[in-house]
Amino acid sequence: MAASGDLAPIIIKKKKVVAGGGHHGGAWKVAYADFVTAMMAFFMLMWLLNATTEKQKKGIADYFAPTIAISRVSGGGDGSFGGDSVFSENTLPQNGTGATSQRPAQGDKAQGLAGEDGKSDAEQEQFIEMEKAMMGRGGESMVEENALEHIVTRVTDEGLVIEIFDLPNAMLFKPDTTEPTDILISLARLIHEVSKTATNPIAVEGHVAAQPIVVAQSEVWEMSSSRAHAVRKIFAGSGMPTKRIQRITGHADREHASKDPMSVRNNRIEVILLREQ
């Protein structure tokens, strides 16, 4: 019994083995894949910015804009809005869900209501079909691809607005004059052809960019109204009845389409197919 007391105690050691000492796992592969995907998206964005027109850029931007349901008539999906944002300036008036801060309206048009005979609904559909025919949304366009860069269309509470504007390398009028270029003459004749499918009265509005220097006698008012009259003359020469033109307006440099008041984008003509009252 005494001998058994001299035995050394047994000590048990637990050794923790760390696996993967030869490499660091596969986390780097995931990070690298994310990097390659981001680079692909970046180069695709650069290509789209260079290869698309202004209207196409706006369509892409509206597609990725958040769509949030704000009422029963706007579900926020891609059904009745065609993928556009419910907050788009073009979508709200076109779909009859109300006016916007930039384009206020009143009465039954602001609420998107039709008259007793359903005439407002039919007129709305006609405007949309004319817009599609001109811009090629339903197939071939009535406007050449390079001319599409000069045109933006929208359906508002006032009617179908066809906006024709200057580009830095292609002007609608000869510099500082009211003489239309071949581009404007061609576009005005095409608008006349599209308008033949309807009987709505027409308004023509002229806008010009702000001048870089304040002069004693600014001619922006005369210039904008004279340019609107020049378009009216093209319509008349194409066979449009003179009684169809309801008003000619010159807005000078008071309403800007660009944040830069002196941008050539502000030199524009707006042809409006007015709603029939």
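I began with two helices: α7 passes α8 in a right-handed crossing. (A crossing is right-handed if the near helix is turned clockwise from the far one by less than a right angle, left-handed if anticlockwise.) I noted that this is a predicted model, where local features need pLDDT of at least 70, side-chain atom pairs count only at pLDDT 80 or more, and totals for chains, interfaces and linings use all residues. Residues are numbered from 1 along each chain as its sequence is written, and side-chain values use heavy atoms, with hydrogens and water left out.

Helices and strands are DSSP runs numbered from the N terminus, helices (H or I) of at least four residues and strands (E) of at least two.

**Helix pair.** I looked up the axes of α7 and α8: they come within 9 Å and cross at roughly 60°. That makes α7 oblique to α8. (Under 35 degrees counts as roughly parallel, over 145 as roughly antiparallel, 65 to 115 as roughly perpendicular, the rest as oblique.) Axes are lines fitted to C-alpha atoms, for helices over the stretch in contact, and angles run from 0 to 180 degrees between N-to-C directions.

Next I listed the contact (heavy atoms within 4.5 Å). From α7, Leu-184, Ile-185, Ala-188, Arg-189, Ile-191 and His-192 meet Val-231, Ile-234 and Phe-235 of α8.

**Sheet.** I traced an open sheet of five strands, in the order β1-β2-β5-β3-β4, with mixed pairing. Strands pair if DSSP finds at least two bridges between them. β1 (151-155) and β4 (245-250) are the edge strands. The twist averages 15° from one strand to the next.

I then checked β2 (residues 159-165) against β5 (residues 268-274): they pair antiparallel over seven bridges. Ile-164 has Ile-269 in β5 as its bridge partner.

Both helices lie across strands. α7 (residues 182-195) covers β1, β2, β3 (202-207) and β5, at about 165° to β2. α8 (residues 220-237) lies across β3, β4 and β5, at about 150° to β4.

**Salt bridges.** I found eleven in the whole structure. (Each is a side-chain nitrogen of Lys or Arg within 4 Å of a carboxyl oxygen of Asp or Glu.) One joins Arg-154 and Glu-270 (3.6 Å, N to O). Arg-154 lies in β1 and Glu-270 in β5, so the pair ties together parts 116 residues apart in sequence.
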